[in-house]
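Here is a short briefing on a protein chain. Look over the sequence and the fold before reading on.

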Amino acid sequence: MATPGLSSDCSRCFALCCVLLPYSADAGFGADKAGGRPCLNLLEDDGCRIHATLREDGWPGCTVFECFGAGQQVSQVSYAGVSWREPGNPPHRLAEMGAVLTVMRQLHEMLAHLVEVARRSPDPAADAVRTEIEDLTGADPETILLADLDSLHDRVGRLLAEASARVRRPWPAGRDHTRADLAGQRVTGDHRGSTFRGALLIGADLRGADLRDADLLGADLRDADVRGCDLSSALFLTQPQVNAALGDVATTLPGGLSRPGQWGA
């Protein structure tokens, strides 16, 4: 099957993240909510009452979240367009949808990275796993819930590490900051070909840094200052990471990622 959409399309989703996922005021969501309960801002047509003013109204957490297209895949494919709102759904349907969404989001994130591998450093083994995951995203809910995610994560992780090494090879001076705690630190300068896999960069000062071909897989960029950064060819950078960082009009992003509105035009 074709690669499913890997960025959120709320118009084709049953507001699953607004209903199924828990959130807390401490995490930037304006209130506390348990999983399975509709958000207080959710409208009957699955729209958001304050979508245009989320940050101003104290809900920045919503602007950071990204499902990688899992919401519309679950809504339109896994459940064939039948909403949780429809009468006659079995009592367990909402909880089941939540479990499927959790798995689907992980599958879609893996696919997004494998698509990048195909674009930056093609590999037949990565293509084979990508096809396997694409097939799984189109399966029925029971098959999705029975998937061995641990094994998939391990296999995809190895493939991404191999692709990263190939892409970063021309930069022998690149440094290894894997899982480093760089929170609040100054990390400016030339970091071409470096790896920041799983690094803590919360509140770090990255202003003007050159991060071309740097591996940012799983790096925590919450409130990291990336104003003026060159991220144009950063590896495995995702929209949630971008949404959580503090950039500006001079920050350059890889193709396919959107500039957050709060960064300026």
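Predicted model: local features only at pLDDT ≥ 70, side-chain atom pairs only at ≥ 80, totals over all residues.

The chain has 8 helices and 0 strands.

**Overall fold**
- Read from the N terminus, the elements run α-α-α-α-α-α-α-α.
- The C-alpha trace spans about 60 × 45 × 30 Å along its principal axes.
- The radius of gyration is 19 Å; a compact globule of 265 residues would have a value near 18 Å, so the two agree.
- Of the 265 residues, 44% count as buried.
- Among contacts with a separation of 6 or more, 44% join residues 24 or more positions apart.

**Geometry of α4 and α5**
- The crossing of α4 past α5 is left-handed.

**Contact between α4 and α5**
- From α4, the contact uses M104, L107, H108, M110, L111, L114, V115, V117 and A118.
- From α5, the contact uses A126, D127, V129, R130, I133, E134, L136 and T137.
- By class, the contact residues of α4 with α5 split into 12 nonpolar, 2 polar and 3 charged.

Notes: Residues numbered from 1 in each chain as written. Heavy atoms only, no water. Left-handed = near helix turned anticlockwise from the far one by under 90°. Helix = DSSP H or I, 4+ residues; strand = E, 2+ residues; numbered from the N terminus. Contact = heavy atoms within 4.5 Å. Nonpolar A, V, L, I, M, F, W, Y, C, P; charged D, E, K, R; others polar. Rg over C-alpha atoms; globule rule 2.2 N^0.38 Å. Buried < 20%, exposed > 50% of the residue type's maximum accessible area, 1.4 Å probe, protein only.
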